[in-house]
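Please keep the sequence and the model in view while reading.

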Amino acid sequence: MTDQTDRVHSVTKEDTAYWSANLRLIILSLVIWALVSFGFGILLRPMLSGIEIGGSDLGFWFAQQGSILVFLVIIFFYAWRMNQIDRQHGVEED
Amino acid sequence: MDQFTLNLLFVGASFALYIGIAIWARAGSTSEFYAAGRGVHPVTNGMATAADWMSAASFISMAGLIAFTGYDNSSFLMGWTGGYVLLALLLAPYLRKFGKFTVSEFIGDRFYSSTARMVAVICLLVASITYVIGQMQGVGIAFGRFLEIDAFWGLLIGACVVFAYAVFGGMKGVTYTQVAQYCVLITAYTIPAIFISLQLTGNPVPALGLFGEHAGSGEPLLQKLDGLVTDLGFNEYTAHHGDTFNMMLFTLSLMIGTAGLPHVIMRFFTVPRVSDARWSAGWTLVFIALLYLTAPAVGAMARLNITEMMWPDGTQGEAVSVQTIAEDPNYDWMATWQKTGLLDWEDKNGDGKIQYYNDASEEMQERAEAAGWEGNELTNFNRDILVLANPEIANLPGWVIGLVAAGGLAAALSTAAGLLLAISSAVSHDLLKGQLTPNMSESSELLAARISMAAAIVVAVILGLNPPGFAAQTVALAFGLAAASIFPALMMGIFSKRINNTGAVAGMLAGLITTLVYIFLHKGWFFIPDTNMFTDDNPLLGTIKSTSFGAVGAAINFGMAYIVSSMTKETPQEIKDLVESVRTPRGAGMAVDH
């Protein structure tokens, strides 16, 4: 680990690995983010219309409730996983 | 106790609470004024951010927007919450690591250009000022309706309360007041919803009641509602009617716009650590979701209640009579709201009944002709009154109405304070300290911040009293600007080392100008009526409405910044180092003092 007080930052191999791990996690999260809202909630709704939920269909549920619940899971999962990745790469805060 | 006294009691008690907090949390330094000393716990910050974000539009208007359109307006639900995913993953932790006070400061430092900083300041000021006008109008309406006093005095009282905790407390005072305001607004929103859900479905959780069974008929609630509204010639509630591409683009624009609104982003500067910024975005969405999961239930249930009240014998029977509206205490709310000019009815064919139906529908023509109807007789139902009138429509006790009054005011005031803080920090920190008088001492910067906050409140009151006729349309403008200029600049600043000063400025201006021009082409140049060349029903590009253009503007910004950057000089090494340091949480404490 580099000196905590060192303000000048040089790019190490470890930093590159940390950043690509972060990018992979972001891309995975955003794919799910888009799938539940733009996918299930709007574009794919006709395909899901066979699955009934309380007087309407699964697509309607995703548009009005489901996507919000999935967004919550995504943010908390990202925060939990990133804190792990921070520690694995030794870049966590003091 | 009469209704007026109850309303006064609830509003008065909530205001006393806010003032008490203001006295307790007084800001002593610029760090406390701009960022609450960076000592706010992520859960507390999440609650405050939720109150900051949920404005009069979320509290008062959103359920009405959904109630009268149905599925197609799900864009608001997904858009205004999905933006937090972008914020949590793409912006908040890095901007917290950067450790400065304003959004424009990051843009100025990262793109080593005071021009970039000034473009960001202008976008921020335009977006925040247009947004604050709407909040002030909301304060005026709530006072006028519930305390029966003139909008002028209502606004003045509201402004004095905001002045007390925002000018003296800065971000610190605003944060803790917003926590109290969140508690008031969420209680006020959910209690009537729980009552109504119990009445209609027997389920105390409105979000579940929405997909439950209608107690009166045993049918699923949504199916019942679909049947009622289609009987009257309206669009089926749960079906998709608009253009799919535009709906997706509109949702995306709201998401990017949410993530780019400066008064929301700056909340994440207040938490102690980078990992707290990640958690805090999650907590913010938890507190927002409590209202947003309830809103579609409030909308659908209110639409059902109103339709059944207008057709007490069912949609195939007789409509409600003028006499019933005048005499039955269950219909008292109609007379109360008629006085505000936001609700009206007229017995056009003189049959003593008020027929509420869609007179533009082809299928209704036959029945209307046979029955001698001469058009829809519920002539005006402003969708903004839905949430405020809801407890009265459902015949709930008087204290619930008082609570809703206090909740509406809490939603408007908390957002107004957050916006005023964004405006004052842009003026004192970015314009004065950053440009005009860089050698200003901390105490004079703090004074300047307070004076610019006070000035912003005065401007907001004046604009709130004399709202420009285009106030409603300018909300689209605020989101468009945030989406097309601020969000892409921040994101590229973090995720690409290649984007340089020229590229960033070119990108921001391109996104800004195309979005402005597209909105003006459809809404009129500078919103002057009749100067528009296109309408949102028949837009310039395909099916893209002007309110959905923010995402296109953002794409133009990204593209332009990339092209110009690849043709001009590479970013200097120290900027690449800055980007590297923003990307790793290590040493976040170091960046605080500067």
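Which residues gather in a patch of negative charge on the surface? They are D313(B), E318(B), D351(B) and E374(B). A patch joins like charges within 9 Å, taking residues with over 30% relative accessible area and no salt bridge. D351(B) lies in the loop between β2 (343-344) and β3 (353-354) of chain B. Its relative accessibility of 35% makes D351(B) partly exposed (buried is under 20%, exposed over 50%, partly exposed in between, with a 1.4 Å probe and protein chains only).

This is a predicted model, in which local features need pLDDT of at least 70 and side-chain atom pairs count only at pLDDT 80 or more, whereas totals for chains, interfaces and linings use all residues. Residues are numbered from 1 along each chain as its sequence is written, chains are lettered from A and ligands numbered from 1 in the order in which they are written, and side-chain values use heavy atoms, without hydrogens and water.

In one of them, K172(B) and E32(B) have their closest N and O atoms 3.9 Å apart. K172(B) belongs to helix α8 (residues 151-201) of chain B and E32(B) to helix α2 (residues 30-35) of chain B, so the bridge ties together parts 140 residues apart in sequence.

Another salt bridge joins D109(B) to K100(B) at 2.9 Å, N to O. Here D109(B) is partly exposed at 28% relative accessibility, whereas K100(B) is buried at 18%.

Notes: Patches are made of residues with over 30% relative accessible area and no salt bridge: like charges are joined within 9 Å, nonpolar side chains (Val, Leu, Ile, Met, Phe, Trp, Tyr) within 5 Å. Accessible areas come from the Shrake-Rupley method with a 1.4 Å probe; for residues, only the protein chains shown count as cover. A salt bridge is a side-chain nitrogen of Lys or Arg within 4 Å of a carboxyl oxygen of Asp or Glu. Lys and Arg count as positive and Asp and Glu as negative; His and the chain ends are not counted. The place of a charge is taken as NZ of Lys, CZ of Arg, CG of Asp or CD of Glu. Helices (H or I, at least four residues) and strands (E, at least two) are DSSP runs, numbered from the N terminus.
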